[in-house]
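Okay, everyone, thanks for coming. Let me put the structure up, and then we'll walk through a few spots together.

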Amino acid sequence: MDVVSKPITPFDGQKPGTSGLRKKTRVFMEPGYLEAFVQSTFDAIGGCAGKTFVVGGDGRYFNAEAIQTILRMAAANGAARCIVGQNGLLSTPAASNLIRKREANGGLILSASHNPGGIDEDFGIKYNIANGGPAPESVTAKIFENTKAISGYKTLGTPDIDQSAIGETSVGTMTVEVVDPVTEYAALMEELFDFDAIRALLAGGFSVKFDAMHAVTGPYATAILEGTLGAPAGTVLNGVPLVDFGKGHPDPNPIWAKPLVDLVMSEDGPDFAAASDGDGDRNMILGKGIYVTPSDSLAVLAANAHLAPGYARGLAGVARSMPTSRAADRVAEKAGINAFETPTGWKFFGNLLDAGKATLCGEESAGTGSDHVREKDGLWAVLLWLNVLASRKMSVQDILMDHWQTYGRDYYSRHDYEAVDTAVAEAIMADLQSLSNGTMPAGIEKIDSFSYTDPVDGSVSENQGMRVFFEGGARAVMRLSGTGTEGATIRLYLEQYTPPDGDLTIDTQEALAPLVAAIDKLTDLKTRTGRDAPDVMT
């Protein structure tokens with residue numbers, strides 16, 4: 001095996017964000033760009049000698065080519081084995097499961113998650129550690145430092161492998177095992193959920209639609225929903241993964257999945273509908289005539305998870321990202337279990353899950369998951385909802401109303417101001433930070449910058465977003481997103497609690513209008529961004 005060492009000059013801006021490195025596809029296609037980040041990753045984890053890695057992605061443009069590069073580099077760096085999803089496909093939760101089941105040393109996942117795909121759109125890569133979860137900040141910091149000093153990378157001059165052929169082949173002296181991407185994940189789902197009950201629900205006429213958005217969950221949903229569970233053919237919409245996601249935006253929210261929302265809101269719409277994103281780790285849940293916010297979904301699942309066999313033992317605790325509404329906290333308090341508030345980024349849940357402190361985790365950005373893997377999991381959330389519906393024999397709308405009448409309702413919405421001039425966005429955040437150090441404006445109890453101390457390893461993460469607590473229980477959070485590729489995205493999270501005996505049926509934006517006005521008065525957000533309204537409202 002002839003290892004080729006190639007010189008390289010560092011690239012600016014290869015700092016991993018909340019979930020890896022994301023840039024425009026053409027940037028990743030620049031000579032040496034992907035190689036620089038991959039070699040920096042291998043060096044950050046102490047090399048590859050004798051190690052096993054899982055490699056796969058969401059099938060977006062450049063996915064297959066990037067895998068070939070990674071395999072040659074892994075072999076040149078001494079890896080013993082790489083496990084690759086057939087045709088380069090592996091949903092992020094399925095990759096996490098494979099890392100855990102096969103006791104791999106880690107994995108390289110190729111995805112920009114919910115961002116659009118195509119040669120003029122977005123691409124991404126992240127490293128997951130041996131527990132199956134995203135690399136913690138201690139590892140991503142080493143990767144970033146390496147990218148600033150890298151001078152060369154190792155590769156082979158071998159030909160491409162056939163990613164469509166299941167079985168083993170070789171790249172140099174490294175074994176490459178191409179596996180069916182669905183099999184082991186589907187087996188795990190069958191262990192967790194009462195498939196007989198869900199099968200009976202579907203056979204009884206309960207109608208379901210799942211929009212895979214031409215992304216990676218198409219094969220998974222088709223195999224499980226239409227295959228194992230017996231849902232009618234056509235239950236899975238847009239089920240064939242495409243490199244450009246059918247020129248759509250694979251983000252499961254009411255804006256980008258509007259056709260599904262329109263369908264379920266129509267008179268003859270299905271009883272239940274759901275969608276997942278580019279790499280399969282996010283979800284959107286809908287019932288006939290109603291949209292379930294991710295924050296409410298986490299709270300409802302926390303209150304009902306015991307109805308599924310995999311969670312019959314009860315929950316050790318519930319964890320949520322800081323911008324997520326406090327609805328799940330109320331469930332945890334009533335159940336007498338711990339509730340954890342972490343920074344945004346699934347990696348912050350890893351220690352809590354590994355230590356057995358939390359069982360369910362969720363983020364307002366449509367990510368929900370549990371200790372079955374170390375990633376959020378879109379299709380898992382759909383199956384847990386179906387298990388709850390099969391057990392309780394109620395509609396989605398009735399389950400939500402029952403939940404609010406028990407715990408109260410957190411009216412909640414996220415307003416995104418996208419592609420804002422970076423200097424303007426940073427100035428808005430800096431001004432809010434300065435307000436936290438002075439006398440509080442009228443009607444405000446506290447303004448702070450969220451800091452998190454990990455209860456397991458004691459690590460501290462500071463400056464994770466600004467929180468504004470209003471008198472009367474309302475809360476607003478403002479932070480800059482780490483998932484965009486152009487300018488800065490300001491995310492504004494708005495939350496107003498109403499107790500069980502209050503008005504639980506107000507339109508969400510109407511309920512939050514006074515809070516929107518208060519934040520705009522505090523920050524002058526609309527004038528400074530030049531926007532009359534947010535670009536996306538969910």
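Start with Cys82, which is buried, with a relative accessible area of 1%. Buried here means under 20% relative accessible area, exposed means over 50%, and partly exposed is in between, using a 1.4 Å probe and protein chains only. Cys48 counts as buried too, at 2% relative accessibility. A disulfide is a pair of cysteine sulfur atoms within 2.5 Å, and a search of the whole structure finds 0 of them.

Quick housekeeping: this is a predicted model, where local features need pLDDT of at least 70, side-chain atom pairs count only at pLDDT 80 or more, and totals for chains, interfaces and linings use all residues. Residues are numbered from 1 along each chain as its sequence is written, and side-chain values use heavy atoms, with hydrogens and water left out.

Okay, strands. When I say helix or strand, I mean a DSSP run, numbered from the N terminus: H or I with at least four residues for helices, E with at least two for strands. Look at strand S5, residues 106–110, where 5 of its 5 residues are buried. In a regular strand the side chains alternate between the two faces of the sheet. In S5 both faces are covered: Gly106, Leu108 and Leu110 sit on one side, Gly107 and Ile109 on the other.

What does S5 pair with? Two strands pair if DSSP finds at least two bridges between them. Strand S3 (residues 52–57) runs parallel to S5, joined by 5 bridges, while S5 and strand S6 (residues 122–128) are antiparallel, over 4 bridges.

Now over to helix H11, residues 327–335. Which of its residues are buried? They are Ala327, Ala328, Val331 and Ala332. Seen down the axis of H11, these fall within an arc of 140°, so they line one face of the helix; the arc is that of the directions from the helix axis to the C-beta atoms.

The buried residues of H11 pack against several elements, including helix H10 (294–304) and helix H14 (396–407). Contact, by the way, means heavy atoms within 4.5 Å. H10 itself is mostly covered, with 11 of its 11 residues buried.

Last stop, the cores. A nonpolar core is a set of buried Ala, Val, Leu, Ile, Met, Phe, Trp, Tyr and Cys residues joined through side-chain atoms within 4.5 Å. The largest has 72 residues, and Met189, Phe193, Phe272, Trp380, Trp385 and Leu386 touch the most other members. Helix H13 (residues 378–392) gives the most to this core, with 11 residues. A second, separate core of 42 residues includes Tyr33, Phe62, Val84 and Tyr127.
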